[in-house]
Amino acid sequence: MENIATQSRRRFLALLSGLAASQGLTACAWLKDLPITIAAHIWLGYEPMFLAEREGWLDPRHVRLLETASATESIQALQAQKVDGAALTLDETLKARALGLPLSVVMIFNISAGADMLLVREGITELAGLRGVRLGFEQSSVGELLLAIILRRAGLSPQSLHLFPLTVDRHLQAWQENQLDAVITYEPVASQILLHGAVKLFDTRQTPNTIVDVLAIRREVLDRAHGLACRHLIAEHFHALDRLMRNPQD
């Protein structure tokens with residue numbers, strides 16, 4: 001019996017040693033500080049990240065920023081697993097989750113208070129006047145949310161208008177080429193369109209606390225190995241935001 005017990009104990013200890021060795025390899029990988037890549041398009045609330053990058057506060061060993069042309073492109077980068085996270089609106093994040101993307105919100109950038117808006121040609125003076133117009137908006141993004149709000153307030157259905165899905169990087173050109181009578185857009189593109197004769201008819205001050213911009217990260221990246229990178233990005237975003245508020249002349 002003693003020999004059998006001794007042999008069993010040896011086999012058990014050998015098994016434990018093997019497990020420890022394999023777990024040790026995993027632990028070594030787990031203890032590494034791995035970088036993250038974040039996609040973001042041009043929007044006021046996301047700019048402190050890029051300011052931090054430009055000023056050298058954002059360590060490229062931990063965080064890499066990928067500038068995209070639109071929220072749609074950022075979501076596509078997430079779907080293709082080219083990035084670990086993206087700067088999106090909360091509604092865009094929820095839609096991406098509905099598509100199967102495992103995203104978690106780790107930070108709020110801002111709450112839109114006027115920078116998302118509906119611009120129209122002169123002569124359209126009320127929301128009900130949108131009936132029959134050619135309206136551009138970014139589909140599967142915050143533009144779709146604003147469109148739903150505007151149509152509800154105007155008492156119109158989507159079939160009452162001629163809708164043109166356009167990513168935000170195409171809004172200005174479409175307006176200049178007279179392809180649209182109205183467009184749901186946001187800064188900084190909105191100011192450029194206003195310079196070309198557009199009139200603001202509606203903005204997010206009329207629907208407060210609706211559009212929330214967030215940093216959404218893939219759940220599998222929310223681990224110890226990427227923890228330093230995530231904390232570093234958040235800290236440097238607020239560092240840059242504080243510098244912007246304190247020294248706007250810079």
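Modeller: Let us begin with burial: Tyr46 is buried, and Phe109 is buried as well, where buried means under 20% relative accessible area, exposed over 50% and partly exposed in between, with a 1.4 Å probe and protein chains only. This is a predicted model, in which local features need pLDDT of at least 70 and side-chain atom pairs count only at pLDDT 80 or more, whereas totals for chains, interfaces and linings use all residues. Residues are numbered from 1 along each chain as its sequence is written, and side-chain values use heavy atoms, with hydrogens and water left out.

Colleague: How many aromatic pairs does the structure hold?

Modeller: A pair of aromatic rings is described by the distance of the centres and the angle of the planes. Rings of Phe, Tyr and Trp (its six-membered ring) pair if their centres lie within 6.5 Å, and planes under 30 degrees apart count as stacked, over 60 as edge-to-face and the rest as tilted. The structure holds two such pairs. Trp43 is buried at a relative accessible area of 3%, and Tyr186 is buried at 6%.

Colleague: Which residues form the other pair, and what parts does the pair tie together?

Modeller: Tyr46 and Phe109 pair edge-to-face, 5.0 Å centre to centre with 65° between the planes. Tyr46 lies in the loop between β1 and α2 and Phe109 in strand β4 (residues 103-111), so parts 63 residues apart in sequence are tied together.

Colleague: What volume does the largest cavity have, and which residues line it?

Modeller: On a 1 Å grid over the protein atoms alone, a cavity is a set of points where a 1.4 Å probe fits but cannot get out, and lining residues have an atom within 4 Å of a point. Grid points are joined across faces, edges and corners, and a volume is the space filled by probe spheres set on the points. The largest cavity has a volume of about 60 Å³, and its lining includes Trp43, Tyr46 and Tyr186.

Colleague: Which element gives the most to the lining of the second largest cavity?

Modeller: That cavity, of about 30 Å³, has β8 as the element that gives the most to its lining, with three residues.

Methods: Helix = DSSP H or I, 4+ residues; strand = E, 2+ residues; numbered from the N terminus. 1 Å grid on protein atoms, 1.4 Å probe; cavity = no way out; pocket = protein on both sides within 12 Å on 5 of 7 lines; lining within 4 Å.
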